[in-house]
Amino acid sequence: MRAKFVILAIFFISHQLYNQIKIESITLGSDFIYGVRGINYVTKASGFGFWGDLKFGVGSSNWKIVFVSGYEDMKLEPSDSMTIERWNWDYWRIWYRSHIKSLIADSNYAVKLNPEQRLYVLPVKFQVGRDFDFGRLKFLVGVGAGFLFYERAFWLNETWWKKFPNLPEGETYVFQYSFKNNAPSKKGTILNFGVKIDASYKITKIASLVFGFEFEHYPSVNKIKKVEFGKITLGEIGESYKNFVLRDVLKFRFGFSFNY
């Protein structure tokens, strides 16, 4: 009897929420991302992203529910010889490092190694906020939480020179070639929390210009081994925390909103 009552209560609440929550707008935009605080020797992070959000109104109130996703690409610094050593790249550590040293001991070889490190992020977030209406201008102040699925990539841009002296013509020929040497990526999932302030200026009846900023924090969860949601398991959360290397970021947002 109790189970039937709970099911009926859930159905009733869901039905009421469905009648109260209506889609208001779809927004597409881009943002500039600046890393405020990093860990594990990362001192600077910056890049760009693309995002979209779906905003719902709750009844006749000014409270809003927003679902957000997108894609972000950030360059991480430093990217230097020490970054190679810290990456724990077996190919470099066991064989390639000593191979390069033995080659350049020969005066006929020369090499330039330019390391590069990037962070690719796919956020999925849920936000709750309140609209403040000033005619054609609106402000949305909100808080949110979600997951970030990321890939941290590292590679060497290598340029090699090989000298061929004492050719039959008595000349010296230098052959140059370049390639990108990719290390295994570090991937994972991490939690995030954030606050944002968006302003939207109504251009036409259905379109608005949106601009604002968002502050995100990625909390320390290195003591959690895994998180399970039924059949979905986010394993090695602690390892994901360590490899993500950012703790706080600031985003400057710009986009266009299409109103229903």
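Biologist: Is Asn-88 buried or exposed?

Modeller: This is a predicted model, in which local features need pLDDT of at least 70, side-chain atom pairs count only at pLDDT 80 or more, and totals for chains, interfaces and linings use all residues. Residues are numbered from 1 along each chain as its sequence is written, and side-chain values use heavy atoms, with hydrogens and water left out. Buried means under 20% relative accessible area, exposed over 50%, and partly exposed in between, with a 1.4 Å probe and protein chains only. Asn-88 has a relative accessible area of 52%, so the residue counts as exposed.

Biologist: Where is Asn-88, and what is its phi near?

Modeller: Asn-88 sits in the loop between H2 and helix H3 (90-104). Helices (H or I, at least four residues) and strands (E, at least two) are DSSP runs, numbered from the N terminus. Asn-88 is a residue other than glycine with a positive phi, near 60 degrees.

Biologist: Val-245 also has a positive phi; is Val-245 buried or exposed?

Modeller: The phi of Val-245 is about 70 degrees, although the residue is not a glycine. Val-245 lies in the loop between helix H4 (237-244) and S11. Its relative accessibility is 0%, so Val-245 counts as buried.

Biologist: How many helices and strands does the protein chain have, and what share of its residues count as buried?

Modeller: The protein chain has four helices and 11 strands. Of its 260 residues, the share that count as buried is 35%.

Biologist: Among contacts between residues at least 6 apart in sequence, what share join residues at least 24 apart?

Modeller: A contact means heavy atoms within 4.5 Å. Among contacts in the protein chain between residues at least 6 apart in sequence, the share that join residues at least 24 apart is 71%.

Biologist: Which residues does Tyr-41 contact, leaving aside neighbours within four places in sequence?

Modeller: Tyr-41 is in the loop between strand S1 (21-38) and strand S2 (44-58). Its relative accessibility is 56%, so Tyr-41 counts as exposed. Leaving aside neighbours within four places in sequence, the contacts of Tyr-41 are Glu-77, Pro-78 and Arg-86.

Biologist: What is the omega of the peptide bond from Glu-77 to Pro-78 near?

Modeller: Pro-78 lies in the loop between strand S3 (63-77) and helix H2 (81-86). The peptide bond from Glu-77 to Pro-78 is cis, and its omega is near 5 degrees.

Biologist: How many residues apart in sequence are the parts that Asp-248 and Arg-37 tie together?

Modeller: A salt bridge is a side-chain nitrogen of Lys or Arg within 4 Å of a carboxyl oxygen of Asp or Glu. The side chains of Asp-248 and Arg-37 meet in one, at 2.7 Å from N to O. Asp-248 lies in strand S11 (residues 246-259) and Arg-37 in strand S1, so the pair ties together parts whose separation in sequence is 211 residues.

Biologist: Which of these two residues is buried, and which is partly exposed?

Modeller: Asp-248 has 8% relative accessibility, so it counts as buried. Arg-37 has 40%, so the residue that counts as partly exposed is Arg-37.

Biologist: How far apart are the closest N and O atoms of Asp-53 and Arg-253?

Modeller: Asp-53 counts as buried at 8% relative accessibility, and Arg-253 counts as buried at 6%. Asp-53 forms a salt bridge with Arg-253, and the distance between the closest N and O atoms is 3.6 Å.

Biologist: How far apart in space are Glu-158 and Leu-113, C-alpha to C-alpha?

Modeller: Glu-158 lies in strand S5 and counts as buried at 1% relative accessibility. Not counting residues up to four places away in sequence, Glu-158 touches several residues, among them Tyr-96, Leu-113 and Phe-179. Glu-158 and Leu-113 are 45 residues apart in sequence, and their C-alpha separation in space is 4.9 Å.
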